[in-house]
Amino acid sequence: MKITSIKNKSFLNMKSLTKALVCGTILLGMLSCEEDLMLEPENNITQNSFYSTELQINQALSGVYSAMVNASSRGGYDVNFYLLASEVRSNNFTALSQNGNRDYYAINRFQDTSSTDEIEILWEDAYQQISYANMLLSRIDGVPFADPATKEQYRSEARFLRAYAYFELMRSFGKVPLVDKPVTPEEAAKIPRTDLATLYNFITSEIEASVAGLKNIHDAANKGRITKSAAHAMLGRIYLTGSGFPLNNSSYAAKAKEHLFAVIQAEGQFVTFAPAYAELFKSANDNKYHLFEIQHISGGLSQGSYLPSYVSPNFGTADPLYNAQSSLFSSAELGVSQSLINSYETGDLRRAITIKTNFIATNGQLDNANYFIKFREPGKVISSRYDWPINFPIIRYADVLLMYAEVLNNEGNTTAAVPYLNRIRQRAGLVAVPTTISAADFTTALRKERRVEFAGEGVYWHDLVRWNTGVAVINQAAAQLNYNYTITTNDYLYQVPLSQIQVAGYDQNP
């Protein structure tokens, strides 16, 4: 049974409420059952008494958000969904050593199975968030609020977060059981895996319905909550994903365009384009440029990020990035691929901000190794290697601009797409592509741009899947590195965890 700790930052950083919020979220966690689909808590009397005031609903909503932070012993969604299950899956990473049969090695080499621990973590973490949201949504109507708009805001945020969790599950496992209310263990065991079209309809309709109740912007005490622009951006991503492999719903492209443009229209008022790439990855700028972020804070509150320590070597004390608490794995086990490094153009300012290719080792000697530094801040004092303060971007404004450019180009309007691509390139210090570029060459340029712009953020693997280029890209990379495997489109999805097969009898992915 997990107890979700609360985040004392952004919208949860009101000092006068910290103790109450922590207690409320601990109660929420203690009352939640983790088996199978995160089923209805057993102590309904206590739970019914808890979901009785506006403050308690806000505390419960904090628990829904916190499920993304550090739900498992390995970190939160940033580590599990975006690093290990996505970035490591792509050819941006090269797993060089098993070192005790690490899950990331199996994932990178496509040796994972239904018994791989990391696969179980993905399933459990997302259904934990869904469970928390389901419970809140089942109780909120009976709770009096001073302002009906606040009730609708909380409901909308919970609906967004539940739909978002389903989106991550769907991208990882394909068909998954759709549970939109608290259920008993007996009921849960009878819920089958839901087909992709139904899942997409549920996810998109839930987020679309949430837009009206969401705020355009939040005050300083509530930074980090979902906004209308975040919802539009996520809908753009979801619809664009659905327009590609495997659903290939061509009608979704127009819907993606509509929602992406809604975000672009909000620039300057509710959305800010960072003037420099480096500004995107500083904890001082958390909740300033990104549209939707996983909230982190250092200080030994169990809300810090694990991610930098997963991708860092064991620095020696003479290295500028040395921190006594910072290292987890050595650079000999998991490294940035040479393929990614080679994909940066000469003069690209993003490379030095994203990747380093050497460090000073513990013996004082220079060691050549490739590793990510994007989420590591020099000079930060942390209480443990799991205590980094910087937020993780789930979706950035640059992603919106590039997705919008992709839709325009696919429509045959390449000329209109070029300025959006060039805006990203020029911030990176690169020359603009000409407006006379062909649609095919623009596609090549945009795909390359997306790889380097979002390197280390868990975007590239999902791009490869929706473009259905993953098989060719991964097999080519494996052949070049003399790895003894090839993949098929079946490998785009992970196996359903064995524990779920045994309990509910689900069919397994091929």
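Buried here means under 20% relative accessible area, exposed means over 50%, and partly exposed is in between (1.4 Å probe, protein chains only). The model is predicted, so to speak of local features takes pLDDT of at least 70, side-chain atom pairs count only at pLDDT 80 or more, and totals for chains, interfaces and linings use all residues. Residues are numbered from 1 along each chain as its sequence is written, and side-chain values use heavy atoms, leaving out hydrogens and water.

Now for the salt bridges, each a side-chain nitrogen of Lys or Arg within 4 Å of a carboxyl oxygen of Asp or Glu. The whole structure holds 29 of them.

| Pair | Closest N and O atoms |
|---|---|
| Glu118 and Arg74 | 3.2 Å |
| Lys175 and Asp507 | 3.3 Å |
| Glu453 and Arg396 | 2.9 Å |

Take Glu453 and Arg396 from the table. Glu453 sits in helix H17 (residues 439-453) and Arg396 in the loop between strand S8 (392-395) and helix H15 (397-410), so the pair ties together parts 57 residues apart in sequence. Helices (H or I, at least four residues) and strands (E, at least two) are DSSP runs, numbered from the N terminus. Both Glu453 and Arg396 are buried. They also belong to one network of salt bridges that share partners, whose members include Glu345, Lys374 and Glu457.

Glu118 and Arg74 are buried too. By contrast, Lys175 is partly exposed, at 30% relative accessible area, and Asp507 is partly exposed at 39%.
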